[in-house]
Amino acid sequence: MKSNNTTPSANRFLPPPRFVWPEGHRCAAMLCFDVDGETTALSEDPTLARRRTLMSQCEYGPRIGVPRLLGLLAHLEVPATFFVPGYIAENHPRMLEAIVAGGHEIGLHGYLHEKLAYLNEAGEEAVLLKSIDILTRLTGTRPVGFRAPWFEINPWTPALLARHEITYCASEMGDDVPYRHDNGLIEIPGQWLLEDWEQFAFNADPAWGFVPENCAKVFDLWWREFEAMHDFSCCFVLTLHPWLSGRPSRVRLLEDLVGAMREKGGVWFARGREIADYFRAHPQARRELDFDAQETADCLKP
Ligand SMILES: [Zn+2]
């Protein structure tokens, strides 16, 4: 499936590495699974609970997608980060145990996959505290990572997360390597390009998503981004939903993608917690690009 229709020229643009990764790795890869499950529908409208076919499609994620994807991750021997809404954790506690048993990280993803833009600060804090309590109680470990439902955070979210000892956020899209918010909170940014919803989501009513894409096209889309990120020493953050990417042909897609990434070499497959810990211990690892950032100004000083 690997695309060979472009031949890099000898004088191809190759900028200095954006980030110095541990042990000489060329780039990092964070595989994320957002286990939205039933909350995909329930957060939109609680009365959708009586729509059995819709709900069964959502339930496919925690019930079939996660077990199958855990099997693939064990087969490939790569770690991942699972962002799980509190409601899903409460309703699928043994699924949660299996994720932990597989050696993967579990991070926060709201309680009922709430859109934070519609909450005030007190409401958002209440959801955060409830979710921390649930994940801590059910996994035995306090979560340190947060992925906002729909990727959208509020201006006060970094302060809220820091106040409750969450050490990294994986919700913004402002770079392709980790950076710090003004309060020091670490951000591990994602992007819509590396998301499966845009490629695979579809439901007739309510109307969700688009025409499901061919896996060969999606492989090409993600592989090209990975290859360039590898050249530029970026952090490849792939976000998948088990109700979409747990389907058989997409599990094969992920297997092929990770296999090709491994073949390329120099990839640090890491959980969000490890990437955040590394950046905290090595604040100089990041190379600033923004002409208007203070770090760039400092570098340019004579
Ligand atoms: Zn989600």
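Visitor: Which residue is the bridge partner of Cys32 in β2?

Guide: The partner of Cys32 there is Thr81. Bear in mind that this is a predicted model.

Visitor: Where does Thr81 sit, then?

Guide: Thr81 belongs to strand β2, which covers residues 81-84.

Visitor: What is Thr81 in contact with, leaving aside neighbours within four places in sequence?

Guide: The contacts of Thr81 are Met30, Cys32, His104, Glu105, Gly107, Gly145, Arg271 and Gly272. One of these, Glu105, is also the bridge partner of Thr81 in β3.

Visitor: How many bridges pair β2 with β3, and in which sense?

Guide: Four bridges, in the parallel sense; β3 is the strand of residues 105-108. β2 also pairs with β1, again in the parallel sense, over three bridges.

Visitor: What about the faces of β2, covered or open?

Guide: Both are covered. Thr81 and Phe83 are buried on one side, and Phe82 and Val84 are buried on the other.

Visitor: Which strand does β1 join over six bridges?

Guide: That is β10, and the two run parallel. Within that pairing, Phe33 stands opposite Leu240. β1 also pairs with β11, residues 267-269, in the parallel sense over three bridges. There, Ala28 has Trp268 as its bridge partner.

Visitor: Ok, helices now. Which residues of α4 are buried?

Guide: Helix α4 runs over residues 93-101, and its buried residues are Met95, Leu96 and Ile99. Seen down the axis of α4, these fall within an arc of 100 degrees, so they line one face of the helix.

Visitor: And what is on the other side of α4?

Guide: Arg94 and Ala101 are there, and they are exposed.

Visitor: What do the buried residues of α4 pack against?

Guide: They pack against α2 (52-76), β2, α3 (86-91), β3 and α5 (121-139).

Visitor: What happens just after α4?

Guide: Gly103 takes a positive phi of about 85 degrees.

Visitor: Which residues are buried in α8?

Guide: In α8, the buried residues are Cys215, Val218, Trp222, Phe226 and Met229. Viewed down the axis of α8, they fall within an arc of 70 degrees, so they line one face of the helix.

Visitor: What does that face pack against?

Guide: The buried residues of α8 pack against β1 (27-34), α7 (197-200), β10 (235-240) and α10 (248-264).

Visitor: How far apart are the ends of α8?

Guide: The end C-alpha atoms of α8 are 25 Å apart. At 1.5 Å a residue, its 18 residues, 215-232, should span 26 Å, which agrees. Just after α8, Ser233 takes a positive phi of about 60 degrees.

Visitor: How far is Val218 from Thr81?

Guide: Their C-alpha atoms are separated by 21 Å, and the two residues are 137 residues apart along the chain.

Visitor: Zooming out, how many helices and strands are there?

Guide: The protein has twelve helices and eleven strands. Its C-alpha trace spans about 65 × 45 × 35 Å along the principal axes.

Visitor: What radius of gyration does the protein have?

Guide: It is 19 Å. A compact globule of 302 residues would have a value near 19 Å, which agrees.

Visitor: How much of the protein counts as buried?

Guide: Of its 302 residues, 40% count as buried.

Visitor: What share of the contacts comes from residues 24 or more positions apart?

Guide: Such pairs account for 74% of the contacts with a separation of 6 or more.

Key
Residues are numbered from 1 along each chain as its sequence is written. This is a predicted model: local features need pLDDT of at least 70, side-chain atom pairs count only at pLDDT 80 or more; totals for chains, interfaces and linings use all residues. The expected span of a helix is 1.5 Å times one less than its number of residues. A residue is buried if 20 or more other C-beta atoms lie within 10 Å of its own, exposed if 12 or fewer, and partly exposed in between; C-beta atoms are placed from the backbone. The arc is that of the directions from the helix axis to the C-beta atoms. Two residues are in contact if their C-beta atoms, placed from the backbone, lie within 7 Å. Two strands pair if DSSP finds at least two bridges between them. The radius of gyration is taken over C-alpha atoms; the globule rule is 2.2 Å times the number of residues to the power 0.38.
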